Amino acid sequence: MPAITPDTSSQLDAGLPATPRTSWAEAAAAADEAKQPTPVPAPTRAPSSAEPATPDSTSSRQPDTARHVPPMPADAPSDAPAFRRSRPTVADTIADSPMPDFISSPGLFVKEQKPRPVGGFRGALYKLSGGAWNLGPGAKQRQEDELARRISRQLHGSYNTAVLSLKGGIGKTSTTVGVGLTLAEYRGDAPCAIDANPDSGDLVERALGEGIYQQSSPRTITDLLKNIESVDSLTALAQYMHHAGRLHLIAGEQDPEVSDSLTAEEYLRIRKLVSSYYSVALTDCGTGVTHNAMSGILQSADNLVIAAGYAVSGAKRARSTLHWLASHGYEDLARNAIVVITDKDEVSSRVDKDAIEEHLAGICRELIAVPHDRGVADGDLVTLDVLKPETRRAYKEIAAAIVDGYR
């Protein structure tokens, strides 16, 4: 009978057949094997009552190391599955979803509405349906809205547009008033118009009417120059200005003995003062480009409006004005000038308007025609309410072109 060692007795106690040890080396090797960690079998799926356990159904699987398996609670039933598949919570879903930018994109929760149509078939349909049928604005209204957007563009700083011509009586002052009133209608800030005409200019009379101007305190640009050192606020400046609605005006000197005395330096002082309170200024320069104040006006101008008429002589004078400017150091002003042709006297059909426009086009930034309108031609008060729609549209185009030139 072989000798029973401690290892052999433990095998017998476990009900296993005893394995005889024949040497110390074999016993040491067996002890080393016993110290190695026993591999943990992979979790198996417990067979259901309807599915008998078979060797195939309990085959080992590789553990899923990428998925976190929560530990089983201590009081879990013995027949519970070895692990549960975790489901995403509401908090996880919100955290993983991209958050919309509510501040920069507030329209995410509001349906975009079409602009309301005004006038025409679209406007009538919108009105009759109580707003239920909104086809949006037509092409004409979209163009008008675009003009309004250009005119009302916010500006940073103060800008000045000079309105001049080489010949009188061709719509220079009426253009200044009409465009000034249009700027005042569409812009959030009030514009200012300065009468720098050396020949007893009538800018304020055309904007207010002769009777109203005579009844008011007829302060002029000369009065402002005498007291300019004491003008340190818009309130103080308003005492020397006249108001046609939201258009603020500085009257020209009416006394012929001193009307031509305005110098370039004096005009620049007026311009500097106005620039402190107004972002847009129009200067009615009078006739010609060589009078005393003209060098100061051109020096401070950001762009020009050249007035012309539907006549061969008027077109030639406008072209000559642009050439004179370009050859006397004002090439940029000439290149970016806006030529305005006013049909003031309703020229006969013998005049080729297209030929005159072609004669002036190409040497300026933009050419705009103002149709014949008695509200302009009579030489009296200019108000937007009495002008033809075509005339008002022309003044809008001029105003938009002026603001476009402020860069």
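The secondary structure of the protein comprises 17 helices and eight strands, taken as DSSP runs (H or I of at least four residues for helices, E of at least two for strands) and numbered from the N terminus. The model is predicted: local features need pLDDT of at least 70, side-chain atom pairs count only at pLDDT 80 or more, and totals for chains, interfaces and linings use all residues. Residues are numbered from 1 along each chain as its sequence is written, and side-chain values use heavy atoms, with hydrogens and water left out.

Of the 407 residues, 38% count as buried. Buried means under 20% relative accessible area, exposed over 50%, and partly exposed in between (1.4 Å probe, protein chains only). The accessible surface comes to about 24300 Å², computed by the Shrake-Rupley method with a 1.4 Å probe. Carbon and sulfur atoms hold 54% of that surface. Among contacts (heavy atoms within 4.5 Å) with a separation of 6 or more, 75% join residues 24 or more positions apart.

Strand β1 spans residues 159–165. Seven of its seven residues are buried, so the strand is largely enclosed by the rest of the structure. Both faces are covered. Y159, T161, V163 and S165 are buried on one side; N160, A162 and L164 are buried on the other. Pairing requires at least two DSSP bridges between two strands. β1 pairs with β5 (residues 280–287) in the parallel sense over six bridges. Within β5, V280 stands opposite Y159. β1 also runs parallel to β6 (residues 303–309), joined by four bridges. V163 has V305 of β6 as its bridge partner.

Twelve salt bridges were found in the whole structure, each a side-chain nitrogen of Lys or Arg within 4 Å of a carboxyl oxygen of Asp or Glu. One of them joins R269 and E229 at 2.7 Å, N to O. R269 lies in helix α11, E229 in the loop between α9 and α10, and the two are 40 residues apart. R269 is partly exposed at 36% relative accessible area. E229 is exposed at 70%.

K353 and D343 form another salt bridge, at 3.0 Å, N to O. K353 belongs to helix α15, whereas D343 sits in the loop between β7 and α15, ten residues away. K353 is partly exposed at 31%; D343 is buried at 6%.

A further salt bridge links E397 to R393, with the closest N and O atoms 3.3 Å apart. Both residues lie in helix α17 (residues 389–404), four residues apart, so about one helical turn separates them. E397 is partly exposed at 27%, and R393 is partly exposed at 22%. A network of salt bridges links E144, R393, K396 and E397.
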